[in-house]
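Here are some notes on packing and aromatic contacts, for you to read beside the model. Please check each point against the coordinates.

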Amino acid sequence: MSVQVWTYLIVGLTFALYIGIAIWSRVGSTRDYYVAGGGVHPVANGMATAADWMSAASFISMAGIIAFSGYDGSVYLMGWTGGYVLLALLLAPYLRKFGKFTVPDFIGDRYYSQTARLVAVVCALFVSFTYVAGQMRGVGIVFSRFLEVDISTGVVIGMAIVFFYAVLGGMKGITYTQVAQYCVLIFAYLVPAFFISILLTGHFIPQFGFGSTLNDGSGVFLLERLDGLSAQLGFGEYTAGKKSMLDIGAITLALMVGTAGLPHVIVRFFTVPKVRDARRSAGWALLFITLLYATAPAVAAFARLNMFETLNGPQMTGTPYAEAPTWVHNWEKTGLIKWEDKNGDGQMFYSGDERNEMTVDRDIMVLANPEIARLPAWVIALVAAGGLAAALSTAAGLLLVISSAVSHDLLKKVVMPHITEKQELLYARVAAALAIGVAGWLGINPPGFVAEVVAFAFGLAAASFFPAIVLGIFDKRTNTAGAVSGMVAGLAFTMGYILWFKGIFITPMAANVPENWLFGVSPEGIGAVGMALNFVIAIVVSRLTAPPPRHIAEMVEHIRVPRGAGAAAVH
Amino acid sequence: MTTPGNGNAAAYWRANLRLMAVLLGIWALVSFGLGIVLAPWLNQFQFFGFKLGFFFAQQGSLYVFVLLIFYYAWRMNRLERELDVHED
């Protein structure tokens, strides 16, 4: 069977599975809709969190980014996993004990202020919409390459599937489809990695292959060869970084804290039955995530080596274009690989200096990898299904945050507090449907700055939510004035800094180069500084103004100790 | 809703903060320490086919993170039972 037939078959089967789960898990109450009734098993929640968290970017782009940046790519590996340690130790158990539905719920109640609640709603909406646009784009890319429909049709199909299970099943439908999607995506990621690892190194486990010698009888370590070729071709050593140490640290910290502050991740810990389940569940989530994240750098190194050898030939002198493997032509059609015969010798040559004749988009590495390694057609189809699972699961989690921010935090808590539960549920569904529409529109007409806004989302989550929640739990003295001024200052600083250099809605004010950066920190890492600023301002302003009322101090005492946690309460 | 005795709740909170400080110390050490600040120096040592600093940045720190969370979950469950502040 051809790749395309396999793809239709496997993608069709997985979609049928998601729809089946959606029908089985329809819900009738807001508690089911927002937090899946609070009865999700910690291991299932761990899987759902992993699928929720690992987006099209993790599945499709991350290994490619690492392949192209070597050691510097470590910021994503450490940043996107280290955040779970913060989440498990500093946030998840206490927010579960608090026992409500959303992050703005916590901010609004703990800081006894509608202003604080509204600031939180705006942040949650901005962060989630930013993210969801990227997911829909990922769906479109997979559809256009593997099913050869155009990107818009792909996005519409993806929207229809998500609409079905998110609107019908709410958090309950999303949770159980995410469990299924995790299984699909991890299987799809690991199978080609196993194959390629065996081909290159003779080791079945990619992580072992990553650290062992090559299969070609030379006895040279894979990374040693990669360092050598990389340096020879003008890219610099693979295992040495190009970014400054301070910037690497700042980006890693911003990604860690941003991860812990992302509302669609936090809200997953509202769905487990007990406080201790929230802690355990975070452990399972990170274990499931690490299965993919520890494999990604191995895949990256394999892909990089394969790419050098197929494009430049074994002698690193170039390969005749006429003999280029089919994957080169397949991806040329999508415009993601380009060859320009600068020296007119009819040979492709790829390097990091002026001899280079190839433009290769880093997003194609994972998707093209099975083709580069000449794996069977069903493996290629599986990767397509995995990419779709990763994109759809994250999109659904984000849509739920958007829908609950509108129906619960905005309508029920601020604008019309007297609506019944039934009406609130209806509004939640309408909001989810509208959000899917907007997300789809953004996927079909992507703003040119999708990649930039992801850094934006992390920076904002790091500079706004994380300090406000941590202080809300660990510092009884933090009051409304402190929290709100901290969040506003952190947000304004981070947003301002990113706009200054990236100019997302305006023309950049200054060139985005290290000489211009504050303390040498790039816009990607500035969330770490914004977070520190938020902490300092919140603590100082709180000390200078009146302490919070007595019932707030009691509430904090109550959150800190597990005993007495009920189910996530309707209130 | 039961409110735990003040003495136990306070002892529980102090023990929790101490444990967190230790675990977050390890968290920072493996990532920011071994994976970033000390990485160039550690890279002179070979660990299988990896340079050691590179290993911590792309493999080692991730595994340590997983262990940290499971250890914390296990230790806190025990602590809660000892001090009688656990749920149900």
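1. Leaving aside residues up to four places away in sequence, Phe59(A) touches Leu185(A), Ala188(A), Tyr189(A), Leu292(A), Val366(A), Val383(A), Gly386(A), Gly387(A) and Ala390(A), where contact means heavy atoms within 4.5 Å. Phe59(A) is also among the residues with the most contacts inside the largest nonpolar core, which has 233 residues; such a core is a set of buried Ala, Val, Leu, Ile, Met, Phe, Trp, Tyr and Cys residues joined through side-chain atoms within 4.5 Å, and buried means under 20% relative accessible area with a 1.4 Å probe, protein chains only.

2. This is a predicted model, in which local features need pLDDT of at least 70 and side-chain atom pairs count only at pLDDT 80 or more, while totals for chains, interfaces and linings use all residues. Residues are numbered from 1 along each chain as its sequence is written, chains are lettered from A and ligands numbered from 1 in the order in which they are written, and side-chain values use heavy atoms, with hydrogens and water left out.

3. The rings of Tyr34(A) and Phe101(A) have centres 5.1 Å apart and planes at 50°, so the pair is tilted; rings of Phe, Tyr and Trp (its six-membered ring) pair if their centres lie within 6.5 Å, and planes under 30 degrees apart count as stacked, over 60 as edge-to-face and the rest as tilted. Tyr34(A) counts as buried at 1% relative accessibility, and Phe101(A) does so at 2%.

4. The rings of Tyr131(A) and Phe458(A), with centres 6.0 Å apart and planes at 55°, are likewise tilted, and both residues are buried.

Technical notes
Buried < 20%, exposed > 50% of the residue type's maximum accessible area, 1.4 Å probe, protein only.
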